[in-house]
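Here is a short briefing to read with the model open beside you. Take a moment to look it over, and then follow the topics below in whichever order you like.

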Amino acid sequence: LDSLLQETKMWISFGVTLLLLLCQTNPSSGIEGSCLDCGSECLAAVQGAVPVCIAAGFEYTEALVGCVQRVITLLQQCQNCLKSLVCCVTDSCSICTCDCHHLLKFEAPVYSPALQQHSWLFNGECHFAFIGTPSCQDCDGKNAYKSVNCSKDVYLHYHDYIVDGRWVITEDLDSDDSVAVLRNRGDGLDDEECPEKETFAWEYRSPLNPASGWFEETEVKLVPYLSQEEISVKANLIARSGDVKIDN
């Protein structure tokens, strides 16, 4: 009987450990697919439509999706992605799972050497859109993001080195920080599933002299591209203009 109990405890322990590993390596994205499944044009259209609908009195509920559908009704290629796109733009917990933000941008003060060395990354319009958990070398099943409205096509993704991992910005999903422009090494043991929640400082490398190594820049922040507060500001401006009409 003792041996049976011992074996049962062993299998329970194994099951719990396996469950924890699965939770760590399969983050909840909040949407199915990618913010770019229907293309960047559709993402931009929904980014413009959401403030219009908020100005018209819609709240962050399923009804908002219907409003956005009417606003961009002429863009037929976007219709199959509307709910995912509204989730991408609003990160609303009442519409979709919201563990991580779907649209991210980098911020830094004007005097930051990282901004001065990589000004294209901090231009205000340049941001990163969630593209799921694509199959790529040493990505470890983590979230990945593709640049939107940046002068360079790059990816923000996780790269695993077995003993530790890091978030990097590279020109393709298979590259590591040997060719990255920015990186965040985290604590090397328990990296966050969401890059914007990483508490360690970002590091940059000079494009003119990459061999000089990495420089820590504590004032570089990864933040949501469009917060609900910013959406409200845009909605108020639209409402004040008096030009809010949603066709049925």
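**Briefing on the predicted model**

Asn149 sits in the loop between β3 (144–148) and β4 (155–160), where helices (H or I, at least four residues) and strands (E, at least two) are DSSP runs numbered from the N terminus. This is a predicted model, in which local features need pLDDT of at least 70, side-chain atom pairs count only at pLDDT 80 or more, and totals for chains, interfaces and linings use all residues. Residues are numbered from 1 along each chain as its sequence is written, and side-chain values use heavy atoms, with hydrogens and water left out.

**The chain as a whole**

- The chain holds six helices and nine strands.
- Of its 248 residues, 45% are buried, a word that stands for under 20% relative accessible area, with exposed meaning over 50% and partly exposed in between (1.4 Å probe, protein chains only).
- The chain has an accessible surface of about 13,200 Å², and carbon and sulfur atoms hold 52% of it; these areas come from the Shrake-Rupley method with a 1.4 Å probe, and for residues only the protein chains shown count as cover.
- Among contacts (heavy atoms within 4.5 Å) with a separation of 6 or more, 53% are between residues 24 or more positions apart.

**Helix α4 and what follows**

- Helix α4 (residues 82–90) is largely enclosed by the rest of the structure, because eight of its nine residues are buried.
- The buried residues of α4 are Leu82, Ser84, Leu85, Val86, Cys87, Cys88, Val89 and Thr90.
- They pack against α2 (40–55), α3 (62–71), β1 (103–107) and α6 (228–241).
- Asp91 comes after α4 and lies in the loop between α4 and β1.
- With a relative accessible area of 11%, Asp91 is buried.

**Positive phi angles**

- Most residues other than glycine have a negative phi.
- Asp91 is not a glycine, yet its phi is positive at about 55 degrees.
- Asn149 is not a glycine either, and its positive phi is about 60 degrees.

**Salt bridges**

- The whole structure contains six salt bridges, each defined as a side-chain nitrogen of Lys or Arg within 4 Å of a carboxyl oxygen of Asp or Glu.
- Asp177 and Arg166 form one of them, at 2.7 Å from N to O.
- Asp177 is buried at 7% relative accessible area, and Arg166 is buried at 10%.
- Asp177 also bridges to Arg183, with the closest N and O atoms 2.8 Å apart.
- Arg183 meets Glu203 as well, the closest N and O atoms being 2.6 Å apart. Glu203 is in strand β7 (residues 202–205) and Arg183 in strand β6, so this pair ties together parts 20 residues apart in sequence.
- Glu203 and Arg183 are both buried. Through shared partners, salt bridges join Arg166, Asp177, Arg183, Arg185 and Glu203 into one network.

**A negative surface patch**

- Which residues gather in a patch of negative charge on the surface? They are Asp138, Asp153, Glu171, Asp172 and Asp174.
- Such patches are made of residues with over 30% relative accessible area and no salt bridge, with like charges joined within 9 Å and nonpolar side chains (Val, Leu, Ile, Met, Phe, Trp, Tyr) within 5 Å.
- Asp172 lies in the loop between β5 (165–170) and β6 (182–184), and counts as partly exposed at 33% relative accessibility.

Conventions:
Lys and Arg count as positive and Asp and Glu as negative; His and the chain ends are not counted. The place of a charge is taken as NZ of Lys, CZ of Arg, CG of Asp or CD of Glu.
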